[in-house]
Amino acid sequence: MKEKLNIGKFFLVLLIVMVISGCSTNKNAGTTGIEQGDKAKNGGTLVIVRLSDAENLDHHFMNTINAASITHGKVYEGLAARDKDSQIQPLLAKSWKQVDDITWEFKLREDVKFHDGTLFNASAVKTNFNRLLDPNVSAPRSGVFKMVNEVKIIDDYTVQFILNEPFSPLLSILASHEGGIISPKTIEKFGKNIINEPNGTGPFSFESWTPGQEIVLVKNDQYFGDKAKVNKVIFKIVPEETTRISMIETGEAHIAEPLSVTMKDTVEASQTMGVYRSEGFGTEYIGFNYENEPFNDVRVRKAISHAVEMDTIIKGVFNNIGKKANSLLGSQVFGYNKGLKAYEYNLNEAKKLLTEAGYPNGFETSLLTMDAKERINLAEVLQSQLKTIGIDVKIQVMENGAFVEQRNNGDTQMFISSWRNATGDADYNQYNLFHTASKGAAGNTFFYSNKEVDGLIEAARKEEDQEKRKELYRKAQELEMEDAVFIPVRVIENLAAISKNVEGFRISAAGYLELNDVSIK
């Protein structure tokens, strides 16, 4: 009933705004949203309304892109960063070189200060990685850098990363939010506790956080690089999507994200806002728990893979937003196997495999999903499709936090999930999702184990020749598909509703909100 009232409120607001707007003729929903002849200006407050709050603001403890997109590249920065074309570029480090197989040397910028005035230097870098890797701190992101044995200070503005073993994708992780550098004074203040007052070097500094309500950042006028164009950014937490959209219509907000595929057409029809779209590194997928019956039988996993008609799902559930996936790697990720073939829709083959596995009449199973409308719709379509081969699917819908906990604990049979690759390198996907050492909360919620796959992933980490790395990842992806560990659904598209008073906004392929170039009309 509440949802119906909100929808009614939204369309009332839409009607009022359309009347006030008069006869505007701009119908294009571009990423800039600025009508010809209008100019954006610097200054002002940018308001972004979001579905959910950050779990914390500490990059050493942060487990979601949702939280990282608030701070990464805005409050915290790393030694390296990805540019608009997803290429790795220097940031807090002005250059680097690989001294030998296990030694990387970084020359640091000498003109950088943290928001509290502390100088950025080699000591600050070492302090960060000492905290991250300290077993007494137990930082959840420490595993991402477990190949680092020591950060060694050479001089005030030179550090060396001494690794335990060769690790080719090091730069890709340093450019992600896990590589964000925190002020040493803040680390000293909070110690082993989670930092909820972030203090970095970025173009925005932290002002306040009211959990469950809003996070406020302000422009850093002392920033060493190109300064932000807006004076302040407020991230407001607004769980109901119709309310988020109506806030743009009424001018209370400028950007609403994420945007669901079901609301896309409504936003595109508006005269005051448009749809932002960009392809991401991540994918959505249907997963099997490799250890639980009957999914410990590859014939069962393959049968279900053959019984899913994905074209119908892409069109009917996702409104053709996000192209059909053939892997758990997005097509822009280094190491993506373009030639990989997902299982074809073939009900006869599905029934044959089920019979061979000892289930000629099918069986009952459960499908776990979070409480997002698109995921629930997908679950219902899967329920209908699998009924044709005798599989009775019971859908379990849970709030996202509870869903993640149950999935990570392995209390699943089938589940719908996604993985947003934060680095753009296949290692972030392959090691976390498929390596035996990553079972559970680290990412391998399939509880999958294949020694040959483990070996390929480990070899690719050590291989310096990038073409050889691609070949290793190609083989690993083919083995994973042969084992039918998952059913790829679609490559994720970043979607947001954006006011036509805003220009310069984008979402990176990794899913981070990029705000430094945003200006408001």
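**Exercise 1.** In this predicted model, determine which backbone oxygen of L513 or H72 the side chain of K74 reaches, and at what distances.

*Solution.* Step 1: the side chain of K74 reaches the backbone oxygen of L513 at 2.5 Å. Step 2: the backbone oxygen of H72 is also reached by the K74 side chain, at 2.9 Å. Step 3: K74 itself is placed in the loop between helix 2 (65-71) and strand 2 (80-82).

**Exercise 2.** Derive the strand order of the open sheet of four strands, and explain why one side of each edge strand lacks a neighbour.

*Solution.* Step 1: the order is 4-5-7-6, with antiparallel pairing. Step 2: strand 4 (93-100) and strand 6 (148-155) are at the edges and have a single partner strand each, so one side of each is left without a neighbour in the sheet. Step 3: from one strand to the next, the twist averages 20 degrees. Step 4: helix 3 (residues 122-133) packs on the sheet and touches strand 5, strand 6 and strand 7; the direction of helix 3 makes about 165 degrees with that of strand 6.

**Exercise 3.** Describe the pairing of strand 7 and the burial of its two faces.

*Solution.* Step 1: strand 5 (residues 103-108) and strand 7 (residues 158-163) run antiparallel and are joined by five bridges. Within strand 7, I162 stands opposite T103, and T158 is the bridge partner of K107. Step 2: strand 6 pairs with strand 7 in the antiparallel sense over six bridges, E150 standing opposite I162. A hairpin through two residues joins strand 6 to strand 7. Step 3: T158, Q160 and I162 are buried on one side of strand 7, and V159, F161 and L163 are buried on the other.

**Exercise 4.** Locate A342 and classify its accessibility.

*Solution.* Step 1: A342 is found in the loop between helix 9 (310-316) and helix 10 (347-356). Step 2: its relative accessibility is 32%, so A342 counts as partly exposed. Step 3: beyond residues up to four places away in sequence, A342 touches M481 and P488.

Note on methods. Residues are numbered from 1 along each chain as its sequence is written. This is a predicted model: local features need pLDDT of at least 70, side-chain atom pairs count only at pLDDT 80 or more; totals for chains, interfaces and linings use all residues. Side-chain values use heavy atoms; hydrogens and water are left out. Two strands pair if DSSP finds at least two bridges between them. Axes are lines fitted to C-alpha atoms, for helices over the stretch in contact, and angles run from 0 to 180 degrees between N-to-C directions. Contact means heavy atoms within 4.5 Å. Buried means under 20% relative accessible area, exposed over 50%, partly exposed in between (1.4 Å probe, protein chains only). A polar contact is a pair of N or O atoms within 3.5 Å; within protein, one must be able to donate a hydrogen and the other to accept it, and residues adjacent in sequence count only if both atoms are side-chain atoms.
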